[in-house]
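Student: I would like to learn how to read a model of several chains. Can we work through one?

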Amino acid sequence: MTNQIIQGILLGGYYALIACGLSFMFSVMRIINLAHGSLAVFAAYALWWLASRLHIPPFFGLLIVLPVMAVIGWALQRFLLERSARGGALLPILTTFGLAIVIDNMLFEQFGADTRSLAPFIGSLSYDSWEWPGGIYVGKLAVIMFATAVILLGGLQLFLTRTRLGRSIRATSEDPDTAGLVGVDARRANAIAAAIAMVTVGLAGAFLGMRATFDPYAGAPQLLFAFEAAVIGGAGSLWGTLIGGIVLALAQTLGAQVHPQGFLIGGHAMFLVVLFVRLSASGLGLRGLLRLPSRSGS
Amino acid sequence: MSAVSTSPVIERGTATSRIAAIAVALIIALLAAAPQFLSAGAVDRMTALFIYVILAAMWNALAGFGGLVSVGQQVFFGLGAYFAIRLADAGLNPLLALFASGLIVGAVSWPLSLFMLRLRNGEFAIGMWVIAALTHLLVNLDRLVQGETGTSLISLNVYDAGTRRTTIYWLALVSMTALLAILFGLLRGSTGAAIRAIRDNEDAAASVGVRVTGTKRLLFVLAAFGIGIAGALWLATSITFQPKTYFNVQWTAYMIFMVLVGGIGTFEGAILGAVVFFLIETWFGGAGVWYLVGLGAIAVLFSLFLPRGLWGTIEERFGLRLLPVGYRVRLPGNPAAPADDGTAPSPQTTQHQEKA
Amino acid sequence: MSLLSVENLVVRHGLLQAVRGVSFSVERGETLALVGANGAGKTTLLRAIAGAHQPAAGRVLLDGADLTSVPSHSRVGMGIALVPEGRKLFVRMTVEENLLLGRTAGRPGEWSVDKVLEMFPNLKPRRHARTGYLSGGEQQATAIGRALMSNPDVLLLDEVSLGLSPLIVDRVYAALQGLIASGTTIILVEQDLNRALSVSDKVICMLEGRIALAADSKSVSRDEVTKAYFGLHRQKAEPA
């Protein structure tokens, strides 16, 4: 049992990785990107392609894929989200949903229905484990994944509080109009935030491919995991996503103990329970739930 | 707009709309008689079209009028089919089961609405998707369904193929007409004013005493009921029930496509969108993956460049209104100006603008 | 050449014309007070100068350069800073962070966090407090400090005394006097007519989006301004 809990916590690291980009984009641009999961799967495919065709191992492949993801994020914000967000809060949902359908089916067209994995390209890392005191074995990959999540969240936190660019992004997220009046280029800040979010998505995609298999339509469940972890943890708070990821993973682990099909059910049920408790407690709806102050102005 | 002494004229319909009303009656009569002339394949396709119209109109009711964009409406589609299977298995007449199933879906959606309607925008959208995913998993646990293997509505086999086909055709036609009539009645009635107020500005509507949550709940339950019926009808046409097919997010993707292309928040737009989708599917459905890529891409393009859809744009351009759900004020001094009656919000107050 | 000039500026909010053809100019080192009733268009005018509203017609010139199509964040870099009505601080960020944001545009100059804290000593102990928790006076000081941090040539102040106790207002204006003395060009919107007249070189009274009166603050009588304020002072016949 202890073993399962530890595995669950480490899996939570993956959910934190996939959730932090979603949460970050939501807190800065107030947009929930429904193509989030599909873009992670896209990154996984890109790494798979580099590894299987050009023999570039995934960890080196990241050096290519992450900058590409950054560019994609920037372009996504500049050409799609910026325009669509001008039409109100509902339109970006439709735009990004359409985008997800395009990405999923393009991947299907390009790579077919076969499931793929990056595991064959990372050598023994995919199955090596360390023995911890008490006869507990933890996978090296799972530990690396968790450590990456912690480093990434910590790094983002430092970036947002200690750098001029980070402050500009936070200011834009609070009030884009006033940010402009103090000299912040809100469009640029949003585009950079989207680029950063997509880099985290690229990392998440890499670990998705290394720890499991994926297929062209694997984006939707990743989006749901990301959303659930972000909401459980209280989106908008970076470390919250780590807690949310861990809670989600533990609920799934517990569900799998109860019933063979219980893994996903456990996760979804936990999400709804947390949501229900918070909504009943706050009485404020999700705005209160996410601890976001209402934006001044329109 | 300077004051002219003559008082403005308030109309419900226009000359065009009166002609349209007669045309609608004619079209329905023609459609009712159509199975006499159409081939078996064409009858099946027309049944599919009616189901698409239901899906589009119901999603539009929720998103276009209630301001609630859901990507989880497949939950009601799947449940509609599932409950029909369950009721038929319990011995209910299969045709009766289709309708009863819709009612149960509507009933189930009410407690769900208490919870889900407290989420906003994107949270509501994905929250519904989570509900759909969870429901799908739970339905899979039912022994009758046998997991992803699925089951069939075997009891429909008591009817011979020809009778079954035309009966389902008529059922679909009746369901579509009835659901559209209910929606039209809602929009024209006192609830309609509340719905339009919410669509244009939810906070302002609430501040002048519009029952925002109650109205949204009504739309949510109506949409669930309608989509449940659509799912049950789809089951009747295809007989087999595989949870994966019915709880597929693709259904919501179709709904979004139809409404975005047709014109979100316009009554006629959803119908137009369903027809467009039907034609595209008929012509390009064989193109497989590229067909789906195309649907997604068109949805993205419409959301970016023509967010009011085909009908919204036509309405705006020509001031045309076939099935008027609102009031129109004509100022005698200024006949050329397209009067704003709430159904054609000016660009500053499109239905998508939700003041956050 | 005037430091800042506004030529026939028209700003619309939807169908409403908030500013209807306003022209004036401000010389370097001058202080201009904008007065007028609520809804007269003062705030809109100020925000249009800062670039927060796109004008429907007319121009804004800084040192002769046309700013009309320059976005607000670039105007900060060119030397225009606004202290917005209602302060509009970033409430989830600290005093220091808010001040540092003022540096984003990166104009060289004398202002630093320490210098702002010297000017407003009451902020010193609150340096690392989130601005959401500050008192009104402390918030206003932070807002002014944030604008100063961009080392502006023209400082636009929108109702800095709004919602503050008279004692705090005195303090804020004492600080402003220091700025004026040091030669900073200021345009301020102020409801308190006496204060507006005493602090400024020139006064403009707005009425329904137009200039009802433009005068020298030292020579104009309070009565004259009051008349303009209430629209009893129409110099020119207005089109019906």
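The dialogue below takes up confidence, the core and one interface.

Tutor: This is a predicted model; local features need pLDDT of at least 70, side-chain atom pairs count only at pLDDT 80 or more, and totals for chains, interfaces and linings use all residues. Residues are numbered from 1 along each chain as its sequence is written, while chains are lettered from A and ligands numbered from 1 in the order in which they are written.

Student: What is the mean pLDDT of chain B?

Tutor: pLDDT is the predictor's confidence in each residue, from 0 to 100. For chain B the mean is 83, and 86% of its residues reach 70 or more. Residues 1–5 of chain B fall below 50.

Student: Which residues touch the most other members of the largest nonpolar core?

Tutor: Such a core joins buried Ala, Val, Leu, Ile, Met, Phe, Trp, Tyr and Cys residues through C-beta atoms within 7 Å. Buried means 20 or more other C-beta atoms within 10 Å of the residue's own, with C-beta atoms placed from the backbone. Here the core has 276 residues, and B:Ala56 and C:Leu156 touch the most other members. Helix α8 of chain A (residues 186–211) gives the largest share, 17 residues. Helices are DSSP runs (H or I, at least four residues), numbered from the N terminus.

Student: How many residues of chain A are in contact with chain B?

Tutor: Contact means C-beta atoms, placed from the backbone, within 7 Å. By that rule, 39 residues of chain A meet 41 of chain B. On the chain A side, α4(A) gives the most, 13 residues.

Technical notes. Buried ≥ 20, exposed ≤ 12 C-beta atoms within 10 Å, placed from the backbone. Helix = DSSP H or I, 4+ residues; strand = E, 2+ residues; numbered from the N terminus. Contact = placed C-beta atoms within 7 Å.
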